[in-house]
Amino acid sequence: MKLLKALVLPVALLIVWEIAMRVSGVQSDSLAAPSQIAVAFYAAMLDGTIPRRTAETLRAALTGLAIGGGSALVASIVLGLVPPVARLMQFSIEVLRPVPAVALIPVAILSLGFGYGMEISLVAFATFWPVLIYGHAAIANIEPQLLDVSRVLRLSTFGRVTKVVLPATLPRYFVAFRLATAVSLIVAVTVEIAANPLGIGYELMTASQSLHPDLMFALVLWIGLVGWGLNGALLLAQRRLFGPAAMAEIAR
Amino acid sequence: MPNVSPLPRTEAAGATPLIAFRGVSHVFGTRPVLQDINLTVGKSEFVCMVGPSGCGKTTMLRMVGGLQTPTVGEVTFGGKRVTGPAQEISFMFQDYSKALLPWRTAAGNVSLALEASGVPSGERVARIKDLLGKVGLANHADHFPAQLSGGMQQRVQIARCLAQEPSVLLMDEPFGALDAMTRQALQDEILRIIEASRTTVLFVTHDLEEAIYLGDRVVALYPNPGRIAQVFEVDLPKPRNQLTTRESPAFLRLRRALFDFIREGEA
């Protein structure tokens with residue numbers, strides 16, 4: 001019922017769009033009717049273009065996310081638990097963080113050339129910051145008494161991180177990673193559109209330049225679906241994997 | 001002053017004190033919180049510290065627990081200067097809702113202390129069962145803190161402290177947030193437990209009756225900066241009883257003396 005209600009508006013729009021395209025009978029290089037888009041999507045799915053391009057984009061985005069987010073996770077724990085390091089790094093972070101990853105595309109091409117290497121590096125750079133900032137804030141917000149407990153019980157540093165700090169901040173790190181996942185997809189597609197001959201972004205650019213609006217729109221919709229699916233998968237994982245810890249955040 | 005004659009003694013009975021504050025002063029930023037504290041606590045003694053907020057009683061406890069280093073002077077445990085948390089010293093926090101790991105069950109929280117002191121995982125299950133039984137939570141091992149009442153959560157904390165097998169138990173207003181009935185039950189519980197293990201206890205409270213009921217000595221502090229004002233000996237027979245002890249003339253005299261004293265301090 002809920003799903004049905006949610007679908008009313010988009011379906012109505014599609015119908016209006018389809019009728020308008022047919023009635024006016026336009027022959028456009030920049031527009032396509034929903035039926036044409038659906039046909040193009042089906043064809044690109046069947047001949048393997050979309051699955052192959054999606055795999056390329058996801059490979060670059062997720063590898064970059066793993067590298068960028070993973071190193072940010074470690075860095076934020078160090079910053080959070082060793083205040084002198086945080087003070088030392090603060091200036092460098094504030095200077096580097098606002099640099100848009102896109103601005104580094106020329107730098108990356110020059111030093112790494114085209115291919116996965118440069119795309120992954122740029123995604124890693126872009127996803128590093130949200131995880132670092134969110135993670136650092138999450139650790140700063142840990143209940144101080146929990147850290148006192150870990151000191152009184154004389155937990156080792158490793159024990160403190162794995163048994164107290166990470167479980168206490170896990171829900172927040174998950175939010176950070178969901179954010180970073182969205183960023184990773186945006187940056188990967190942007191890099192592909194701007195320069196890299198790989199992935200959905202490149203296919204999208206090719207469709208646009210070869211005047212195939214039907215395929216172009218099909219790919220745009222597909223990217224949206226991929227992003228939505230990724231976020232959904234992460235949400236599901238959050239509920240499944242971290243039941244009690246995620247619950248703790250809600251209960252607080 | 002009434003005829004109980006509080007002794008100005010801050011030295012514990014016995015030759016070597018287990019815990020000693022020697023000329024301890026402490027400053028937070030520019031605010032002095034403790035001034036020239038000299039106090040010794042003997043083995044198996046139950047010392048209660050009372051005083052208004054700002055008298056530094058929690059800070060004193062944190063110093064013994066190795067969570068805070070005094071600006072001036074030293075705190076010793078067993079003759080050695082305290083430089084950090086020790087295995088034999090266990091700390092029970094006031095706010096149980098923030099002292100237990102919310103993502104671990106009651107058993108898991110007790111297990112944390114055992115994991116920290118390197119008890120092999122094979123032995124833990126039996127030890128946890130034993131400890132939770134001791135505090136009357138045998139049937140709640142699988143409950144998360146959020147599913148337990150305040151009194152039960154504080155019992156979990158007691159079990160976790162006992163898991164350390166401490167010779168000293170530091171308690172920071174542990175029953176302050178509990179209702180009266182639960183508080184009395186836990187007071188008796190703690191007396192019973194430490195009676196068996198001969199544990200030394202430093203107990204911070206602002207409930208004067210609780211201090212008299214539990215303590216062998218009651219240390220009263222002045223605030224801003226915290227100073228030891230007076231030390232009261234509690235000569236009440238043990239084991240203590242919620243009804244007869246609290247009705248005994250000696251209890252009432254002490255209660256009167258402490259109330260008068262605190263009122264004077266506020267005036």
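Which residue in β9(B) does Cys48(B) stand opposite? Select Cys48(B), then Val218(B): the latter is the residue of β9(B) that stands opposite Cys48(B). Before continuing, note that this is a predicted model, in which local features need pLDDT of at least 70, side-chain atom pairs count only at pLDDT 80 or more, and totals for chains, interfaces and linings use all residues. Residues are numbered from 1 along each chain as its sequence is written, while chains are lettered from A and ligands numbered from 1 in the order in which they are written.

**Chain B as a whole**

Along the principal axes, the C-alpha atoms of chain B fill a box of roughly 55 × 45 × 35 Å.

**The sheet**

Next, select the 6 strands of chain B that form an open sheet with mixed pairing, in the order β6-β7-β8-β3-β9-β10. Two strands pair if DSSP finds at least two bridges between them. The edge strands are β6 (89-92) and β10 (227-233) of chain B, each pairing on one side only.

Now colour β3 (residues 46-50) of chain B. This strand runs parallel to β9 (residues 217-222) of chain B, and 4 bridges join the two. β3(B) also runs parallel to β8(B), again with 4 bridges, and here Phe46(B) stands opposite Val201(B).

Move on to β8 (residues 200-204) of chain B, where 5 of its 5 residues are buried. A residue is buried if 20 or more other C-beta atoms, placed from the backbone, lie within 10 Å of its own, exposed if 12 or fewer do, and partly exposed in between. Thr200(B), Leu202(B) and Val204(B) point one way, whereas Val201(B) and Phe203(B) point the other way. In a regular strand the side chains alternate between the two faces of the sheet.

Strand β7 (residues 168-172) of chain B runs parallel to β8(B) and is joined to it by 5 bridges; Asp172(B) has Val204(B) as its bridge partner. Follow the chain from β7(B) through helix α6 (residues 180-197) of chain B to β8(B): this β-α-β crossover is right-handed, that is, clockwise from the first strand over the helix to the second, with the strands pointing away from the viewer.

**Around Val218(B)**

Return to Val218(B) and show its surroundings. Leaving aside neighbours within four places in sequence, its contacts include Cys48(B), Val50(B), Phe232(B) and Leu258(B); a contact requires C-beta atoms, placed from the backbone, within 7 Å.

**Across to chain A**

Finally, display both chains. Their contact takes 18 residues from chain A and 18 residues from chain B. On the side of chain A that touches chain B, the largest share, 6 residues, comes from α7(A).

End at Val189(A), in helix α8 of chain A. Is Val189(A) buried or exposed? Val189(A) counts as buried because 26 C-beta neighbours lie inside 10 Å. Among the residues that Val189(A) touches, beyond those up to four places away in sequence, are Thr57(A) and Ile223(A).

Technical notes: Two residues are in contact if their C-beta atoms, placed from the backbone, lie within 7 Å.
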